[in-house]
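Subject: Structure handover

Hello,

Here is the structure I promised to pass on. Please open it first, then read my notes below.

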Amino acid sequence: MFTASKGILEGYGYELVTMAGAGHEVRILPQAGFNLYYWTFEGKEIFMEPVDITEFGTKYGNPILFPTPNRIKDGTYVWQGKTYDMNKRGQRVLLHGLVKDEPFTVTKLEAGEDCAVCEAEIAFEEGNALYEGYPFCCRLTVRYTLTEKGLHMDVAISNNDQKEMPFGFAVHPYFSKRGDANKVFLTVPCKRVYEADENLIPSGRILPANEGQTIWDGYHSVESLYLDTVFRGMSADKESKIQYEDIVVHISGSDCFRNAVVFTPHNRPGFCIEPQTNATNCLNMHAQGLIDESGLLVLPAGKTFTCVIDFTVEKR
């Protein structure tokens with residue numbers, strides 16, 4: 001039997017959603033970008049616990065990145081010949097979109113014999129802070145389903161405007177090193193990478209992975225990797241994997257997730273494998289004529305885009 005409940009995070013006053021069952025426990029902070037910040041299986045960490053839970057954004061958990069995952073050069077983008085500033089409440093936003101630290105509204109919370117479900121949404125509407133930097137009326141709905149296998153994400157993006165809207169979508173999950181990155185291994189089935197400058201802005205060229213980036217050929221310890229790299233070559237029939245001593249975590253998604261960002265910081269207790277639809281600076285790449293390379297998605301007026309991401313657990 002699975003359970004699902006709402007409460008308050010003690011000591012902080014944040015709304016807290018907890019779901020559990022079949023050895024899994026997850027916790028979500030709706031007001032922190034609907035961040036599923038805690039996931040354990042049989043009492044052991046899968047997602048890295050927050051270093052500072054008050055630091056909303058992309059430092060822990062599973063941040064949701066929309067409408068522009070990764071970087072936008074100088075926080076300015078071009079769409080259909082018009083230049084926009086990615087501002088929110090008067091501040092320039094350079095990284096990971098606009099919803100990562102915004103409150104979502106929980107619209108469904110239920111549990112049953114086989115699963116628990118939590119769904120939430122956030123809207124871009126004229127007059128609100130999100131519309132300032134991304135003036136397209138739309139709604140993002142995210143549903144987490146916890147099952148015996150692990151976590152399933154359903155994503156729906158509705159264009160409620162009278163014009164087409166450009167966007168990307170990603171998540172930024174921090175997986176736990178469990179205190180020893182020498183004992184955690186990963187593999188990602190991508191043989192190509194985006195060439196980028198010192199500020200991680202891509203040139204537009206997609207190159208074969210070179211020494212230190214060839215993580216498609218088997219498992220590599222997280223400790224041995226020094227990556228903040230956008231890989232190209234994912235599809236619905238491919239999966240990334242993380243191997244712990246007791247389990248393997250499988251990461252897969254819809255065909256739209258053509259890229260995987262791998263981030264292996266050595267000064268944090270976690271690392272990331274991020275399913276991502278687009279390249280860094282995707283809107284500006286698209287404006288430069290790099291249509292396929294950008295990975296930018298374009299949704300017609302009145303239409304809804306859907307996709308899924310799965311994080312499944314296999315015992316070793």
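**Aromatic cluster and ring contacts**

Phe66, Tyr77, Tyr84, Phe124, Tyr134, Phe136, Phe167 and Phe305 form a cluster linked by ring pairs. Rings of Phe, Tyr and Trp (its six-membered ring) pair if their centres lie within 6.5 Å; planes under 30 degrees apart count as stacked, over 60 as edge-to-face and the rest as tilted. The count by this rule is 20 aromatic pairs.

A note on the source: this is a predicted model, where local features need pLDDT of at least 70 and side-chain atom pairs count only at pLDDT 80 or more, while totals for chains, interfaces and linings use all residues. Residues are numbered from 1 along each chain as its sequence is written, and side-chain values use heavy atoms, with hydrogens and water left out.

Two charges sit over rings (NZ of Lys or CZ of Arg within 6 Å of the ring centre and within 35 degrees of the ring normal). The charged end of arginine 27 is 3.8 Å from the ring centre of tyrosine 38. Lysine 191 lies over the face of tryptophan 216, 4.5 Å from the ring centre.

**Overall build**

The protein chain has 3 helices and 28 strands. Both are DSSP runs numbered from the N terminus: helices are H or I with at least four residues, strands are E with at least two. The radius of gyration, taken over C-alpha atoms, is 19 Å. That agrees with a compact globule of 316 residues, which would be near 20 Å (the rule is 2.2 Å times the number of residues to the power 0.38). Buried residues make up 56% of the 316. Buried means under 20% relative accessible area, exposed over 50%, partly exposed in between (1.4 Å probe, protein chains only).

**Lysine 82**

Lysine 82 lies in strand E8 (residues 82-85). Is lysine 82 buried or partly exposed? Lysine 82 is partly exposed, because its relative accessible area is 49%. Its C-alpha atom is 9.8 Å from that of alanine 287, 205 residues apart along the chain.

**By class**

Finally, the lining of the largest cavity has 6 nonpolar, 6 polar and 2 charged residues. Here Ala, Val, Leu, Ile, Met, Phe, Trp, Tyr, Cys and Pro count as nonpolar, Asp, Glu, Lys and Arg as charged, and the others, Gly among them, as polar. A cavity is a set of points on a 1 Å grid over the protein atoms alone where a 1.4 Å probe fits but cannot get out; lining residues have an atom within 4 Å of a point.

Best wishes
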